[in-house]
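Subject: Handing over a structure

Dear colleague,

I am passing on the structure that we spoke about, so please keep it open while you read. The notes that follow go through what was found in it.

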Amino acid sequence: MRHLLLALGVLVACSEAPRKQATVSETIPDILVPPRATVLGREGGEDALKLRFRSEVAPAEVAEFYRVALAKPPWRIVGNSRMADGSIALYAEHAGGKPLWVNIQPIPGEPGSFVDLLGARTTP
């Protein structure tokens with residue numbers, strides 16, 4: 001009986017339609033890749049997406065890159081904070097209303113930064 005329940009559970013899990021992941025163009029318009037960076041990963045759901053990069057550039061320089069870029073139309077910087085651990089968090093909004101969170105973290109014991117770009121789909 002236990003094997004039958006397990007088999008039914010596996011069948012139900014496998015029969016569910018795969019969840020659609022939001023695209024970059026839906027969540028992070030006019031994407032700004034950090035300087036001297038490589039992509040480390042991507043994760044998200046139907047309405048949000050996170051892209052992770054590793055930059056060879058120090059966190060303060062990456063933050064300045066984003067402060068300059070996001071101060072120009074179609075972007076507007078709404079928040080800019082430095083955390084106790086040395087990370088920097090920026091929040092900006094696109095003229096179309098889409099939000100963008102930029103989290104910049106130092107890499108412990110190494111030069112460079114981890115940079116997370118988080119965007120969300122908005123309803124018109």
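**What was found**

Tyr-91 counts as partly exposed, with a relative accessibility of 21% (buried means under 20% relative accessible area, exposed over 50% and partly exposed in between, using a 1.4 Å probe and protein chains only). Please bear in mind that this is a predicted model, in which local features need pLDDT of at least 70 and side-chain atom pairs count only at pLDDT 80 or more, while totals for chains, interfaces and linings use all residues. Residues are numbered from 1 along each chain as its sequence is written, and side-chain values use heavy atoms, with hydrogens and water left out.

Taken as a whole, the protein has three helices and six strands (DSSP runs of H or I with at least four residues, and of E with at least two, numbered from the N terminus), and along the sequence these follow the pattern α-α-β-β-α-β-β-β-β. Of the 124 residues in the protein, 31% are buried.

Two aromatic pairs were counted (ring centres of Phe, Tyr or the six-membered ring of Trp within 6.5 Å; planes under 30 degrees apart are stacked, over 60 edge-to-face and the rest tilted). One of them joins Phe-65 and Tyr-66 in an edge-to-face arrangement, with 5.0 Å from centre to centre and 80° between the planes. Phe-65 is partly exposed at a relative accessible area of 30%, whereas Tyr-66, at 0%, is buried. Tyr-91 and Trp-101 form a tilted pair, with their centres 5.2 Å apart and 40° between their planes. This pair links distant parts of the chain, since Tyr-91 belongs to strand β4 (residues 88-94) and Trp-101 to strand β5 (residues 99-106), 10 residues apart. Trp-101 is also partly exposed, at 37% relative accessibility.

Which residues have the most contacts inside the largest nonpolar core? That core (buried Ala, Val, Leu, Ile, Met, Phe, Trp, Tyr and Cys residues joined through side-chain atoms within 4.5 Å) has 18 residues, and the ones with the most contacts inside it are Tyr-66, Leu-70, Leu-100, Val-102, Ile-104, Val-115 and Leu-117. Two or more residues each come from β2 (48-55), α3 (59-70), β4, β5 and β6 (113-120), and the largest share, four residues, comes from α3. As general background, nonpolar side chains in soluble globular proteins tend to be buried together. If residues up to four places away in sequence are not counted, the residues that Val-115 touches (contact means heavy atoms within 4.5 Å) include Pro-34, Leu-51, Val-62, Tyr-66 and Ile-104.

Asp-116 is found in strand β6 and is buried, with a relative accessible area of 6%. Its side chain is joined to that of Arg-52 by a polar contact of 2.6 Å (N or O atoms within 3.5 Å, one able to donate a hydrogen and the other to accept it, with residues adjacent in sequence counting only if both atoms are side-chain atoms).

Lys-20, finally, lies in the loop between α1 (2-15) and α2 (24-27), where it is partly exposed at 46% relative accessible area. The side chain of Lys-20 makes a polar contact of 3.4 Å with the side chain of Glu-26. Although Lys-20 and Gly-45 are 25 residues apart in sequence, their C-alpha atoms are 6.9 Å apart in space.

With best wishes
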